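Reader: Hi! I'm new to looking at protein models. Could you walk me through this one?
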Amino acid sequence: MTDQYTLYGMAASLYTGKVCAYMRRNHVEFREEKAGGEHFNTVVTKEVGRWIIPVIETPDGEYVQDGTDILDYFETRGFSKQSIYPEDPKLEVIAHLFELYGGEGMLRAAMHYRWNFDETNLNFLQTTFEDVLPNDLSAEEREPVFLHASGRMRKAAIAFGATPETYETIETSYSKFLSLYETHLERRPFLFGGYPTIGDYGLFSPLYAHLGRDPKPLQLMQMTAPRVYRWTERMNAPEIVHDETALKSGPGLFSFDAIPETLKSLMAFIAEDYVPEISAHVKFTNEWLSEQDAPTLKPGALGRGIGMATFEWRGHTIQTAVMPYRLYLLQRVTDAFEALNASDKAEVESLFEETNLAPLLRLKTTRRVIRENHLEGWA
Ligand SMILES: N[C@@H](CCC(=O)N[C@@H](CS)C(=O)NCC(=O)O)C(=O)O
């Protein structure tokens with residue numbers, strides 16, 4: 001036994017990046033082990049029921065899988081210097097909205113900029129993917145394994161809606177997001193002010209491991225949204241950076257009554273970019289649920305996705321994979337909203353109306369998504 005945590009992951013993994021940043025900031029002592037190692041492939045994957053990263057192994061030999069569950073593991077044990085959940089429950093609803101949009105809604109852009117620019121990205125990807133290849137492979141042996149792993153990810157990019165017909169729209173839409181976030185960060189170091197919340201960690205997942213690290217989108221971010229790039233550095237730093245921006249906005253979070261227009265613009269962008277998709281996923285799921293027998297609802301009974309939903313996205317009819325995990329994150333938004341008292345609810349509802357997000361507060365599946373033994377299932 002050791003008193004250190006072990007993080008199994010990969011530098012290029014969206015959700016590993018989020019966990020690493022949290023652990024660094026909160027000075028949790030850990031060592032990172034590449035997920036391609038023998039212990040991971042034999043012991044850890046068995047414990048968590050599938051090949052998936054990130055996983056942490058605690059000093060007591062317990063395993064925790066899932067980026068959000070890992071953050072909550074540390075939050076509930078008092079590791080967090082400043083809670084990632086805003087004290088004001090109204091702000092918490094918005095923080096969960098950004099957790100959902102960052103962690104799931106931005107995957108189309110993240111996967112497009114990773115897998116559709118081979119000329120710029122491929123050499124980097126081939127090297128960074130060595131983290132998940134078994135140890136001790138020769139260069140010749142690594143090639144087919146990388147092709148297999150990257151082939152699966154290229155298919156995943158298509159399942160998130162990145163197809164030649166949508167490439168240009170993805171780029172325009174992502175540029176708009178970058179410009180809105182850049183403007184928002186002119187006056188504050190983090191999404192809600194002086195320190196990061198679960199909303200920042202949600203956005204950080206795609207904006208660092210893919211969009212702020214792979215060569216093609218990294219250059220785009222540095223050239224067109226330098227403040228967003230600086231935010232990724234701040235998110236990853238163990239020290240609290242007191243730059244001038246931080247001093248201007250103060251060390252705390254802004255209050256719900258003082259929500260800046262720039263945050264509202266980001267919320268309105270999410271409404272446009274993601275509400276059609278998540279609404280289609282809820283509708284698809286409810287139809288799917290009405291046709292299922294009990295055994296298929298058990299955690300682990302199915303793969304990550306339950307089918308493909310079709311919807312209109314910025315003038316294209318597209319299909320994306322419906323993954324119960326997304327609905328689990330959506331529940332975190334709606335649960336936080338439902339837990340508010342009547343007057344707080346009215347205030348949040350009015351803000352969501354103003355930013356065209358109100359339908360999201362009412363999106364519900366007929367059975368809740370639960371997580372049990374590291375797997376998603378249905379209540
Ligand atoms: N909800 C999970 C998602 C984890 C996830 O999708 N991890 C990716 C790497 S970033 C993975 O392990 N993919 C392997 C696969 O799907 O086979 C979390 O937050 O931990």
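Predicted model: local features only at pLDDT ≥ 70, side-chain atom pairs only at ≥ 80, totals over all residues.
Reader: Nice. Which residues sit across from each other there? Say, what is the bridge partner of W313 in β6?
Author: W313 is partnered with H316. Further along, F311 stands opposite I318 in β6.
Reader: And how many residues are between β5 and β6 in the hairpin?
Author: Two residues lie between them, and R314 in that turn has a positive phi of about 50 degrees.
Reader: Which other strands pair in the antiparallel sense?
Author: Have a look at β7 (residues 369-372) and β8 (residues 375-378), which pair that way over four bridges. In this pair, V369 stands opposite W378 in β8. The hairpin they make also has two residues between the strands, and N373 takes a positive phi near 50 degrees.
Reader: Okay, switching topic. Which domains does the chain have?
Author: The domain assignment gives domain 1 (5-76) and domain 2, which is made of 89-109 + 166-378. Their centres, taken over C-alpha atoms, are separated by 22 Å.
Reader: How many residues of each domain are in contact with the other?
Author: On the domain 1 side there are 17 residues, in contact with 16 residues of domain 2. Helix α1 gives the most to that side of domain 1, with nine residues. By class, the side of domain 1 that touches domain 2 has seven nonpolar, six polar and four charged residues.
Reader: What about the inside? Which residues touch the most other members of the largest nonpolar core?
Author: That core has 87 residues, and the ones touching the most other members are V19, L97, A110, Y181, V228 and V333. Helix α4 (residues 89-105) supplies the largest share of this core, eight residues. Both domain 1 and domain 2 are represented, each with at least three residues in the core.
Reader: Let me zoom in on V228. What does V228 touch, leaving out residues up to four places away in sequence?
Author: Its contacts are L178, Y181, E182, L185, L207 and M221. There is also a second, separate core of five residues, and A280, A309, V322 and M323 are among them.
Reader: Last one! Where does R187 lie?
Author: R187 is in the loop between α8 (167-184) and α9 (198-209).
Reader: And why does R187 count as partly exposed?
Author: Because R187 has 14 C-beta neighbours inside 10 Å. A residue needs 20 or more to be buried, and 12 or fewer to be exposed.
Reader: How many Å separate the C-alpha atoms of R187 and W313?
Author: They are separated by 31 Å, and the two residues are 126 residues apart along the chain.

Note on methods. Residues numbered from 1 in each chain as written. Core = buried A, V, L, I, M, F, W, Y, C linked by C-beta atoms within 7 Å. Domains from an automatic or database assignment. Contact = placed C-beta atoms within 7 Å. Pairing = 2+ DSSP bridges. Nonpolar A, V, L, I, M, F, W, Y, C, P; charged D, E, K, R; others polar.
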